[in-house]
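Please look over this model before reading on.

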Amino acid sequence: MDYLIIGAGINGLLLSRELAIADAQVLVLEKGACCREASWAGGGIVSPLYPWRYQQPVTALASWAQDFYPQLAVALQESTGVDPEFSRTGLLMLDAADEAEALQWAHQNSRRMEQVDSDFIYAHESQLGAGFRSGLWMPDVANIRNPRLGQALVADLLARPNVHVRENCQVAQLEVNEGRISSVVAHTADGDARFVAENVVLCAGAWSGQLAEMTGIELKVEPVKGQMLLYRFRQSPIKSIVLTRGRYAIPRRDGRLLIGSTLEYEQFDKTPTSQARSSLRESAQDLLPFLKGVEPELQWAGLRPAAPNGVPYIGKLPDFENFYVNAGQFRNGLVLAPASARLLADLMLQRAPIIDPTPYQFGLH
């Protein structure tokens with residue numbers, strides 16, 4: 001086996017696909033079910049929230065990924081029949097205090113953004129609550145239905161003879177020999193099993209730090225809980241993603257409306273709470289007053305993998321010849337995933353990298 005990927009979230013699956021396209025033999029180990037952690041729980045906005053507030057390494061990954069997503073969605077639908085529902089709805093950000101910085105960032109990074117007034121805001125989204133005076137409009141921003149993206153990626157990989165995916169396979173030990181990961185021991189339904197590959201890649205999201213500790217590496221990836229609400233309508237009451245005061249509303253094609261999200265430092269506790277439900281409902285009702293009295297259909301929580309400053313680790317880990325990492329994307333896991341996967345595949349396959357890999361190296365965060 002050429003590559004063993006630990007973790008079958010969006011990052012692990014996209015990396016597996018990149019390697020498989022290059023004719024590598026790939027084995028994916030997932031502790032539960034594919035794409036059922038942060039990759040499933042997120043909102044699917046294909047842009048960082050307030051993108052100008054992130055460091056340049058995040059912008060570099062996001063810009064490449066945003067340009068690549070349309071062709072990825074088409075390719076996956078053609079190969080699997082599963083539509084990831086990539087929708088270029090645009091992003092309307094309301095009453096941001098740093099609009100001048102935002103416009104400067106957009107100009108420097110060749111991203112379409114315009115300052116808009118209340119007339120534009122309410123002509124575009126008539127259901128919004130009163131009082132919004134100014135906004136920033138990014139017409140090219142899209143959202144993708146992340147659970148369906150996960151389904152499409154799994155279907156794509158299962159159809160490839162050089163990829164093997166093992167679910168319910170909890171990694172218990174990383175065995176080390178002379179500067180290499182010599183084998184990976186995992187708990188399976190049939191007992192413990194040992195897996196061997198030329199290269200091992202850590203794509204385990206919020207759990208990546210725990211797994212890295214097995215080899216003595218202190219990988220600073222912290223779980224950050226996020227909770228969301230779902231409302232369902234026959235037709236979505238908004239046309240675009242709307243963001244204000246750090247909370248957002250996302251329209252889906254089938255009438256679903258997502259409201260998110262919280263930021264909670266609760267270690268690995270994914271329990272939805274009544275406090276978060278109340279807070280998210282209040283935000284939703286302030287944004288869309290007609291939601292008062294309407295009960296959300298669903299509430300859930302996920303764990304984001306947060307590296308320092310939101311800059312992910314992408315590359316080889318120190319003191320090992322064959323141990324790599326792709327983790328720590330924080331709130332932008334889905335946004336950055338195509339670029340994160342391509343960049344790491346470029347490094348492992350010794351191709352020219354799509355962007356400068358230096359900022360993502362372990363030890364530079």
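## The largest cavity

Strand E15 gives the most to the lining of the largest cavity, with 4 residues. Helices (H or I, at least four residues) and strands (E, at least two) are DSSP runs, numbered from the N terminus. This is a predicted model: local features need pLDDT of at least 70, side-chain atom pairs count only at pLDDT 80 or more, and totals for chains, interfaces and linings use all residues. Residues are numbered from 1 along each chain as its sequence is written, and side-chain values use heavy atoms, with hydrogens and water left out.

The structure holds 1 cavity of 30 Å³ or more. On a 1 Å grid over the protein atoms alone, a cavity is a set of points where a 1.4 Å probe fits but cannot get out; a pocket is an open set with protein on both sides within 12 Å along at least five of seven lines; lining residues have an atom within 4 Å of a point. The largest cavity has about 800 Å³ of space. A volume is the space filled by probe spheres set on the points, and grid points are joined across faces, edges and corners.

The lining of the largest cavity counts 50 residues. Glu-37, Ala-38, Ser-39, Leu-303 and Pro-305 lie nearest the centre. Elements that give two or more residues to this lining include helix H1 (10-21), strand E15 (298-306) and helix H9 (333-348). By class, the lining has 26 nonpolar, 18 polar and 6 charged residues. Ala, Val, Leu, Ile, Met, Phe, Trp, Tyr, Cys and Pro count as nonpolar, Asp, Glu, Lys and Arg as charged, and the others, Gly among them, as polar.

The largest pocket has a volume of about 240 Å³. It is lined by 13 residues, and Trp-40, Arg-145, Pro-147, Leu-230 and Arg-256 are the closest to its centre. Helix H6 (146-158), strand E14 (256-260) and E15 each give two or more residues to this lining. H6 has the largest share, 4 residues. The lining holds 6 nonpolar, 3 polar and 4 charged residues.

The second largest pocket has a volume of about 170 Å³. Among its lining residues are Asp-67, Arg-88, Arg-111, Arg-112 and Asp-140. Helix H3 (residues 56-80) gives the largest share, 3 residues. By class, this lining has 6 nonpolar, 1 polar and 5 charged residues.

## H1 against H9

H1 and H9 pack at an angle of about 40 degrees, with their axes 8 Å apart. Axes are lines fitted to C-alpha atoms, for helices over the stretch in contact, and angles run from 0 to 180 degrees between N-to-C directions. That makes H1 oblique to H9. Angles under 35 degrees count as roughly parallel, over 145 as roughly antiparallel, 65 to 115 as roughly perpendicular and the rest as oblique.

H1 passes H9 in a right-handed crossing. A crossing is right-handed if the near helix is turned clockwise from the far one by less than a right angle, and left-handed if anticlockwise. In this contact (heavy atoms within 4.5 Å), H1 residues including Leu-14, Glu-18 and Leu-19 meet H9 residues including Ala-341, Arg-342 and Met-348. The contact residues divide into 10 nonpolar, 3 polar and 2 charged.

## H1 against H6

The axes of H1 and H6 lie 10 Å apart, at an angle of about 35 degrees. Their crossing is left-handed. Contact residues include Leu-13 and Arg-17 of H1, and Leu-153 and Asp-156 of H6. By class, this contact has 7 nonpolar, 2 polar and 2 charged residues.
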